[in-house]
Amino acid sequence: MKSSARFMTHLPVSIDGSNNALQLISLLLRDPTGAAATNCIECSTPADIYRLVADQSLAMVSSMDDSYAKGWAELGITRGCIKRPVMTKPYAATLYSCKQYISEWLHDEMDRRRAAGLSLPFDDVWAPSMWLARMVHRTIDQVVPGVAALMKWLQQVSDLCVEHETAVSWTAPSGFWVRQYYPKWRKEEVRCAIGPKVRVHSMNIEDNAMSKRANRNAITANFVHALDSSLMVWATNRSHDLHGIDVFSWIHDQAATLAPNVGIMQSEIRESAIEMFSMDILGGFKTEIDALLPSGVSVPPPPEQGDFDLSLLRSAQYFFA
C-alpha cells in the first residue's frame, strides 16, 4: 500500500450519523440548539448528546430536595443510563419505555454495587426509574426542543386523519410515496373438533376502522424514517452521478463505501442534507394531507422553524463520521 498507488482495496469503511433522528429533526426545524448538540456544525471535538443529557439531568436532580433526587445524585446518571431513552425519543418512545430502559440499567448497577459491598440508594427499581424517566424526558426537550414540537404536531395530524378515516399518505423528499394505515383488530375464537378433541384457536381479525393509538404512536417514527431513507437515496445518487462511486452499503444512518471514497461520500451526505432540507418539507406534507381530508377540514400549521443556517453543515466534520 505504501509503495504503490495501484493497490486495490476491497475494504468497506463505514460512517454513522450522530443520533441521526435528532439530527434530521433539528435540520428540518432549523433548530440551532439541536443542530449544535448533534454535530451539525463545525466543532473541534464531537458533540455527545448522550453525555450532554446525562450531565444536565444530573445537574437538575442534584439541585432538587427530594429523596429520589438524592439517591440519583449519589448513584450518578451516566451516559449508559440514558442512551436508549435519548436514542428512542424521536421515534415516539413512551415514558413507560423510557422507564423500562432506565430500570434495566439501574437493576444491573444495583447488582454491581451489592456485589462490591457498596451502599444502595434505593430499596426498589421501579419507582426511582419512573421518577428519573420524567426528568430525562424534560431534559431532552430542553436540549433538542424541536423533537417535542414535531411529535405533537404529527400526532395531531394523525388523530385528524383517523377521525376522518383517512390514511396518512405523503411523498418523501426522495419521491417515494408513503402510506400509513394501522387498523383496529379484534380477536375471534375458532373451535376445531378433531375426533374427540376440541382445540380453540384465537385469531386477530382486521376491523373496518383505524386505530387512533397505533397511528399516533407510529407517525413520528415513519416520518423520520422517510427522511433518513431520502437522505440515503439523495447522497447515493450524488456520489454516483458526480464522482462515479458505485459501491455502497446503507443501514439506516450507517453508510459504507470503499476506503478511498469515504471522504467524498461524507461531503456528499452533507451537500445532500443541505439540498433536501432547503425544501419546504413540512409545508408539502401539510398540503398533501389537507388534500386528503374532507372539504373545510385542515391540519394545523406546522411548528415554526428556527434560524439555523444550513450552509454550516458543509464544515460539520462530525455530521457523519
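## Helices α3 and α7

In helix α3, the residues Ile49, Leu52, Val53, Gln56, Ser57, Met60 and Val61 meet Trp131, Leu132, Met135, Val136, Arg138, Thr139, Ile140, Gln142 and Val143 of helix α7. Contact here means heavy atoms within 4.5 Å. By class, the residues of this contact divide into 11 nonpolar, 4 polar and 1 charged. In this scheme Ala, Val, Leu, Ile, Met, Phe, Trp, Tyr, Cys and Pro count as nonpolar, Asp, Glu, Lys and Arg as charged, and the others, Gly among them, as polar.

The model is predicted: local features need pLDDT of at least 70, side-chain atom pairs count only at pLDDT 80 or more, and totals for chains, interfaces and linings use all residues. Residues are numbered from 1 along each chain as its sequence is written, and side-chain values use heavy atoms, with hydrogens and water left out.

The axes of α3 and α7 (residues 126-143) lie 9 Å apart, and the two helices pack at an angle of about 120°. That angle makes α3 oblique to α7. Axes are lines fitted to C-alpha atoms, for helices over the stretch in contact, and angles run from 0 to 180 degrees between N-to-C directions. Angles under 35 degrees count as roughly parallel, over 145 as roughly antiparallel, 65 to 115 as roughly perpendicular and the rest as oblique. The helices are DSSP runs (H or I, at least four residues), numbered from the N terminus; strands are runs of E, at least two.

The crossing of α3 and α7 is right-handed. A crossing is right-handed if the near helix is turned clockwise from the far one by less than a right angle, and left-handed if anticlockwise.

## Helix α4 and its partners

Helix α3 (residues 49-62) also packs with helix α4 (residues 67-75), at an angle of about 135° and with axes 8 Å apart. The two are therefore oblique to each other, and α3 passes α4 in a left-handed crossing. Leu58, Val61 and Ser62 of α3 meet Ala69, Trp72 and Ala73 of α4. This contact has 5 nonpolar residues, 1 polar residue and no charged ones.

Helix α4 also meets helix α6 (residues 95-115); their axes come within 13 Å and cross at roughly 65°. The crossing of α4 and α6 is left-handed. Trp72, Glu74 and Leu75 of α4 make the contact with Ile102, Trp105, Leu106, Glu109 and Arg113 of α6. The contact of α4 with α6 comprises 5 nonpolar, no polar and 3 charged residues.

## Pockets

Rolling a probe the size of a water molecule over the atoms shows where empty space is left. On a 1 Å grid over the protein atoms alone, a cavity is a set of points where a 1.4 Å probe fits but cannot get out, whereas a pocket is an open set with protein on both sides within 12 Å along at least five of seven lines; lining residues have an atom within 4 Å of a point. Grid points are joined across faces, edges and corners, and a volume is the space filled by probe spheres set on the points.

The largest pocket has a volume of about 250 Å³. Its lining includes Asp16, Tyr50, Met87 and His225, and α1 (20-28) and α9 each supply at least two of the lining residues. The lining divides into 4 nonpolar, 5 polar and 3 charged residues.

The second largest pocket holds about 190 Å³ of space. Of the 13 residues that line this pocket, Met8, Thr9, Leu258, Ala259 and Pro260 are the closest to its centre. By class, the lining of the second largest pocket has 9 nonpolar, 3 polar and 1 charged.

## The cavity

The structure holds 1 cavity of 30 Å³ or more. The largest cavity is lined by Asn20, Asp228, Leu231, Met232, Trp250, His252, Asp253 and Phe320. Helix α9 (residues 212-243) gives the largest share of this lining, 3 residues.
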